[in-house]
Amino acid sequence: MNAANADPHGGGPHHDDLRYVYAVCRPLAAPLAADLTGVGGVPPRQLVHGDLVALVGPVPERDFAEAPLRAHLEDLDWLSETARAHQRVIDALTTVTCPLPLRLATVFRDDSGVRAMLEDGAERFHRVLDRIDGRVEWGVKVYMENAQDAEDTPSEASDAPRSGRDYLRRRRSQRTAQEENWQRAEGFGRELHERLAERADDCRLHAPQNSELSRVPGRNVLNAAYLVSRTHSEEFVELVDRTKDEGAGTSRLRVELTGPWAAYSFTGDANDEEGATA
């Protein structure tokens, strides 16, 4: 713990510090990196309760009490910095175990509150940790690039429509071609998902991303997560890499792979996620 967060009398957190909880896991078989820091630049510590561990760090009440936290969540710079620190801890934890990551800015009053959370949720935590043990999450997205370029690009002067009827015919032809491209892209996404799902222990289909919000070029055809054992992850990645070449010549498709991540998409209860698994 750094000096800014140390109690000058006892060396612990300030009496008004809250407890930020990053994740729940089983006891670690290997130590975390000594230079790992989390929110506020403070190293996280392990809070053990029975056979569960919560990774926690002190955060000031002036920033993480309910009212100031609500205001901070509207500050994109603050939110981005906090999210990066949170993810840094989760990524480090994922290298040594298979954690159940908690939501950004999960905060309790003190250690007793964290212990109560572990006690009350013990059954669910064990169930989820059993499900994700030895596994990581891979994300796969498929985009149809420049989906509207052909329709929106102005014609050259030499190729200008000769009449209103000619203009309408061209527009209709462009829309038909675009619809055919979209159908081929959807078919490619479905086939890819089926192939990847066969190699995964579990999978989740997420709603397609809005390109205006994500600022990622292209129209999102597939947005999926796959729970894959660490021992089979190399084979899974090789399969995705092979499909990238297939997609490159099909309706201007782009396949993106991200990971390995902590199993964010697989930490809910099965009843809550009914219908999410394809």
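The side chain of W138 makes a polar contact with the side chain of S233 at 3.1 Å, where a polar contact is a pair of N or O atoms within 3.5 Å and, within protein, one must be able to donate a hydrogen and the other to accept it, residues adjacent in sequence counting only if both atoms are side-chain atoms. This is a predicted model, in which local features need pLDDT of at least 70 and side-chain atom pairs count only at pLDDT 80 or more, while totals for chains, interfaces and linings use all residues. Residues are numbered from 1 along each chain as its sequence is written, and side-chain values use heavy atoms, with hydrogens and water left out.

**Confidence**

- The protein chain averages a pLDDT of 83, and 77% of the residues score at least 70, pLDDT being the predictor's confidence in each residue, from 0 to 100.
- Over residues 149-158 the pLDDT is below 50, and this stretch has 5 contacts in the model beyond near neighbours in sequence, a contact meaning heavy atoms within 4.5 Å.
- Residues 270-278 also stay under 50 in pLDDT, and for them the model has 16 contacts beyond four places in sequence.

- W138 lies in strand 6 (residues 135-144), where helices (H or I, at least four residues) and strands (E, at least two) are DSSP runs numbered from the N terminus.
- At 9% relative accessibility W138 counts as buried, the cut-offs being under 20% relative accessible area for buried, over 50% for exposed and partly exposed in between (1.4 Å probe, protein chains only).
- Leaving aside neighbours within four places in sequence, W138 is in contact with residues including Y226, F236, L257, G259 and P260; the C-alpha atoms of W138 and Y226, which are 88 residues apart along the chain, are separated by 5.2 Å.
- The peptide bond from G259 to P260 is cis, with omega near 0°, and P260 has its place in strand 9 (residues 253-261).

- The 19 residues of helix 3 (residues 76-94) should span 27 Å at 1.5 Å a residue, and the end C-alpha atoms are 26 Å apart, which agrees; the expected span is 1.5 Å times one less than the number of residues.
- The N-terminal end of helix 3 is capped by D75, of which a side-chain oxygen lies 3.1 Å from the backbone nitrogen of D77, and the buried residues of this helix include W78, H86 and L93.
- In helix 4 (residues 111-120) the buried residues are V114, M117 and L118, and because they fall within an arc of 95° seen down the helix axis, they line one face of the helix; the arc is that of the directions from the helix axis to the C-beta atoms.
- The buried residues of helix 4 pack against strand 1 (17-25), strand 2 (45-49), strand 3 (52-60), strand 5 (107-108) and helix 5 (122-132), whereas the face turned away from the buried side carries the exposed residues S112 and D120.
- D110 caps the N-terminal end of helix 4, with a side-chain oxygen 3.2 Å from the backbone nitrogen of S112.

**Strands and a loop**

- R19, found in strand 1, counts as buried at 11% relative accessibility; the R19 side chain reaches the backbone oxygen of D17 at 3.0 Å and joins the side chain of D111 in a polar contact of 2.7 Å.
- Strand 2 and strand 3 run antiparallel and are joined by 5 bridges, two strands being paired if DSSP finds at least two bridges between them.
- A105, in the loop between strand 4 (100-101) and strand 5, has a phi near 65°, a positive value in a residue other than glycine.
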